[in-house]
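I opened my notebook for a friendly look around this one. Here is what I looked up, entry by entry.

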Amino acid sequence: MIGAFDGNEFFLDPSRCIGCQACVQACAECGTHRGVPMIHLEYVHRATGVQTAPVVCMHCEDPTCARVCPADAIKQDDHGIVHSAAKPRCVACSNCVIACPFGVPKMKVELDLMMKCDMCYDRTSVGKKPMCATVCPSGALYYGPSEYIEKFRREQPVNEFQFGRQTVRTKVNMMTSPELKALPFEVLDFLPWEGKDFDPFELSRAGAPDAAAAAVFDKTP
Amino acid sequence: MATLTLPEEKYIELYGPTPAHTPAGGWNNGEPDKLVKTHCCFCGVQCGIQLKVKDNKVIGFEPWEEFPVNQGKLCPKGVKRYMQNDHPDRLLSPLIRNESGFREAGWYEALHKTANAIKDIQAKYGKDAFAFLGGASMTNEKAYLNGKFARIALGTANIDYNGRLCMVSAGAANRMAFGVDRAANPWSDIPLAKVIILTGTNLAECFPILTDYVWRARDAGAKIIVIDPRITPIGRTADLFLPVRPGRDSALANGILHVMIERGWTDEKFIAEHTTDFDKVRQLVKRYTPEVTEKITGIPAKSIIAAAEMWGTAETSMLLHARGIEHHTKGTENVLTYINLVLATGRIGRPGCGYGTITGQGNGQGGREHGQRCNQLPGGRDISKPEHREFIADFWGIPEPELPKVGLTACEIIDAIERGEIKGLLSISFNPLVSIPDSERTRKALEKLEFFACIDFFLSETARYADVVLAGSLQEEDEGTVTTGEGRCVRLRNSVSPPENARVDWKIICELAELLGKEKFFKYKNAGEIFTELTAASKGGPIDYSGMTYEKIEQNMGIFWPCPAPDHPGTPRLFEGGKFHHPDGRAKFHAYEYRPPAEDVDAEFPLFFTSGRVVSQYLSGTQTRRIGGLVDQYPEPLCEMHPLLAERLGIKDRDIVRVVTRRGEITVPAQVVKSIRPDTVFIPYHWPGKKAANLVTNRALDPISKIPEFKVCACRVEKVSDAPKLAAAGQPIPLKSK
Amino acid sequence: MRLPNRAALIAGTALTLATVAGIAVGSSGMRHFDPALTGYAIGALMAAFALGYRFTVWAQRPPSRMYFKRGFELMFRRAAAVAATPSSPSVAVAPSPRAESGDEASPKRTATGASQPLFPHGAGTLGYALARNFVAQEFIRRRGGYRWIMHLCLSGGCTLAFAITFPLVFGWIHFSSFPDNAEMYHVAVFGMNVDSFSVHSFKAFIMFNLLNISAILVLIGLVMAGWRRFTDPGERATQSFYEDIVPLLLILAVTATGLALTVSYKFLAGRGHGLWAIVHMVSVVALLLYIPFGKLFHMFQRTCSLCVSRYKKVGEAGARAHCRRCGEDFASQMHVDDLKTVLDELGFDYRFEGAKGEVHYQDICPACRRGLLALNQGRTIGR
Ligand code: HEM
Ligand code: SF4
Ligand code: SF4
Ligand code: SF4
């Protein structure tokens, strides 16, 4: 029998994501929550472009979700996997949903239960790869030895994030520029409308590619 | 007269599409009896997948990581493909049309009725009055069998297939330029390229698995150039994005070549030694200066120069294209002008250097090789070439004069039905009502048929018009081979048997042949025997499979043709050493002046209309509109338009809009996005009836390949204020788009 | 390293003493206390201490404490009244573009709400939550019919068994035969006669067999739970022996040995009774001591869900938090503010500051946080 994880790690690279939802469809095939996908995949802002954000649980070393849970329902195991809420305990308060810095836990209102990504524990604990990272066609989600990533990827992994004053360390790696040791988070630059009238086409980073800007076209056909 | 006998809702209630949301046996359906290593059926990549089978039902899947092409990767269609099995809409026995729609019938009755109708029509109107339409999602075995059945059992010239709507222009161009029709390189050459042009391919949504190949190239330092009127997911982070005005592709390729020649970025040695006719091209592109090209294509001159520089100076390169440049009345010309870019650099036939068209259909490659096209015989042979006719007539054991001549292509067959020249039709895995442009005319044609029989596993929108529906087999219910977009012939294994009274497709065809008195030509005990015959028939032809066996294919995880001998390993990369397949061994340049599309914008219809796919749906949706998870992902067609255009028309996101062309109109919710040219609107084509994009597209054909012009026509867009009912259709798609 | 927790020690001791007092008073000064049950009583006292201790430790954690605190407060406040509770160090929330409706009427409601400070406005919510979540356990039904039946059997059976055995052990209930008629029994509760019946009556049958009935219920529940633990792929992958199997084994031990006692005196003329009695007692004490520390503690922990019910109800009616990035309503303002407090207490600090101002990450909705992950990553690599 192959052991759990077996030297493999999870690497996330949203810049490769093509928004195909293979991960979402495959997540519903995971044995710990079959039929209910846990991974998040959303357009960052469809009006301005096709950028998408795949988000799995980052499995924080000191998980905010577990710390804010009033019912001790979220447990981290010896592998560092932060599990879905314990079914008898979760009181469906949504503390974890609102506090997780990555926006991961899902409140299943119909079940009065928080559920989240557990890195396909049914698979990874017996040496298989997680569903999402096996099927992901773009490599935005990759699960395997870090040597592969170091050798073949232009971007390099970090597992530290700086949210303002808060440093968060995680089990899951994020691909970023090789110069960085931690991924710096910025929020203020991404609040473009604050103090102005709300413009749906502004709600993204400046420079999201605009087909009109790259094209020559007749302004009044 | 085959008009519908029931209202549409009734057909939907009885035969679907019903989006199935749970697998056979429910989500908790236990441990499988076996895992079957086979392939996804939903595009030309043919990803390897293991189907979980229990009690003769497919209950789930497990990635197949050892298969080298996708290494376990799948797109959403592949993930949920298993849900087409054990589906509530599955046809479980033959159907015969009556006043109340259809009644279930036995095989004896259904087959006899079909055979008798064929005989009657052919006796009355001649052999060619009965046509056969095949599909490019079926196995090589079936493609071969369809061709043989039409030529020997039906004796009709009019056999064609839905690949005619797919990439025949690329196929024609490939033959004209290289003397052979196949992607020149295996996908594994993509990551080795230092620059990649992706033109007219929404690669990330239509061939998602290839994304990783492209990104791997980028990891190794490659530059990516994407040419498309829309910023698709693969285009979003491209190094250079050229938002071409629809229908201007050949001008762009000529413009890029102009700059390359001017700056000396061509490989004159290669051109001199391995190609012909470059002088004509050199002459032609002189007038495509960046400024002229900018005017035609709507791409800034500086971007054109930048593309020429990236492409012209690269060490290694790949050029890949798909329907975006192929679905045009000058589809063949578009492809040939792009091939000029490849030949001019001499970067082909080496690792990391080459070219390919990415086939869209499950067996888009194999389906066009074994003789189910009106102008083709097995082994890629030409039906008009005497020596090819002689070989096949001999091989089949019929006199050469009995072998029909060139027939009509798919769209022409529909046209001929409309004109009343073709009276009867047998089709398999083809849904022309959704997939052929100008759907209203297709519907009228279907209504005119005196007899129409379909072989299918679900009742497609087209099959509603049939007199007899023969319940056939899903991909996993049969076995055989398919040939992927890179020319790799792979093995499909039988996972389950057809349910209840449904039958395996090839057996149905053989039984019909028997009733038509030709049983001695169709004595097969299994699909393997058809394959053996197919490979023998291909021996010595342009497309040679004669060295392949099932065992060899399985052992090698697929074999690339040509494979002319049992000890031949197959040919992953074509044209090595600059050897092309024309008799002179050279590749041929083609000089084509840009010409506008069949219908260009004008004052009345000022906007370009274009159509294409979404990642969650496959072709006419007969299968994928029945899989709940895929339906939820993108439930209804939306009309993409740029905010600048929307503002001018007073349209806001999710407003209901009407898109009108000279052929018809379609009413759908708007999706206002900056990712499309402001002079173009886009609607995906997978839906039937009032939601069919093909209500408005143009059935003008490419004179060379007879591919219709799906990708450009002229339209007008207006806001619909009186559509409260349609507002429901505007439900936001699950991907949060706030 | 956990330091001895004073409040918890006090609570544990208090609960133990209360139980002792209960036994003393309830058994009419030990007159009705059955000395044969001393072992059970001692076990119960130890469990009482552990329970009091554990519950207090848990309830002191910042998030749990916040809910209990709010639970009590909100009991006495009207739903809409909390709209403008100045209970937290609220950062000024930017005007949100989509907050067209909803909170304009709230100040008025605050005024009316505050006028009756001690009226238990929350009683309705509380009663409803008790009936729905504790008695009917309707939310488990929504998770699955099988799991619902399973749990009703388990919790119903166990609760019934506890409801009988504790009063018996503590001497709160006492049976005695009529002096003149050995076939008639008195039932005394807290020393007072409340009922009498004949041993041949149906009532007697029920009375004497209630424990067996509860045992059968529990057994059904156990078999169902065991089957699920054995076959459900998700449970099989994530369950742990100590957390998920031990409780089932303990309950099984108690039930099986209890039934063995019945079998032994009913059908085997009391053979083996003495041994079974000891084994049963040991298993019961083990279960009691396990409850505060393992999975079964949920039966007490779930009291928090009562607070949450009220909290949600009030939060829905009150001021809403709108994401500072997209303007979407994503939680109640009270919830967001309380979480900021809780995070501070836990030592997390998700405040951003820059030239353009300050943002607490709690003011950004989860969906935008996911988007910001992609945006921030994209920015570091120019995509
Ligand atoms: C009345 C208050 C109680 C509530 C609200 C409650 C709630 C729950 C919930 C929500 C679960 C998870 C069920 C699932 O999602 O499958 C659970 C499991 C469980 N409960 Fe309770 N419970 C209560 C009392 C009890 C009692 C008194 C017992 C008996 C000692 C008990 C024993 C169990 C056991 C053994 C499980 C685990 C079953 C398994 O193996 O999955 N519960 N409880
Ligand atoms: S990413 Fe969120 S859900 Fe996952 S461990 Fe960290 S805080 Fe918890
Ligand atoms: S929702 Fe459940 S798991 Fe999340 S914090 Fe609340 S009780 Fe804990
Ligand atoms: S549709 Fe194509 S890319 Fe998607 S899984 Fe199937 S074969 Fe692979």
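How many nonpolar, polar and charged residues does the shell around ligand 2 have? I found 11 nonpolar, two polar and one charged. (Ala, Val, Leu, Ile, Met, Phe, Trp, Tyr, Cys and Pro count as nonpolar, Asp, Glu, Lys and Arg as charged, and the others, Gly among them, as polar.)

A note on ground rules: this is a predicted model, where local features need pLDDT of at least 70 and side-chain atom pairs count only at pLDDT 80 or more, while totals for chains, interfaces and linings use all residues. Residues are numbered from 1 along each chain, chains are lettered from A and ligands numbered from 1 in the order written, and side-chain values use heavy atoms, without hydrogens and water.

Back at ligand 2, I listed 14 surrounding residues, each with a heavy atom within 4 Å of the ligand. The closest are C57(A), C60(A), C65(A), C100(A) and K116(A).

Next I checked ligand 4, whose surroundings include C40(B), C43(B), C47(B), C75(B) and K77(B). Its shell divides into eight nonpolar, two polar and one charged.

Then I turned to chain C, where the assignment (automatic or from a database) gives domain 1 (6–66 + 125–304) and domain 2 (320–380). Their centres, taken over C-alpha atoms, are 45 Å apart. Four residues of domain 1 of chain C contact five of domain 2 of chain C, with contact meaning heavy atoms within 4.5 Å.

Last, I looked for salt bridges (a side-chain nitrogen of Lys or Arg within 4 Å of a carboxyl oxygen of Asp or Glu). The rule finds one across this domain interface. I also noted that R65(C) and E345(C) form a salt bridge, with the closest N and O atoms 3.2 Å apart.
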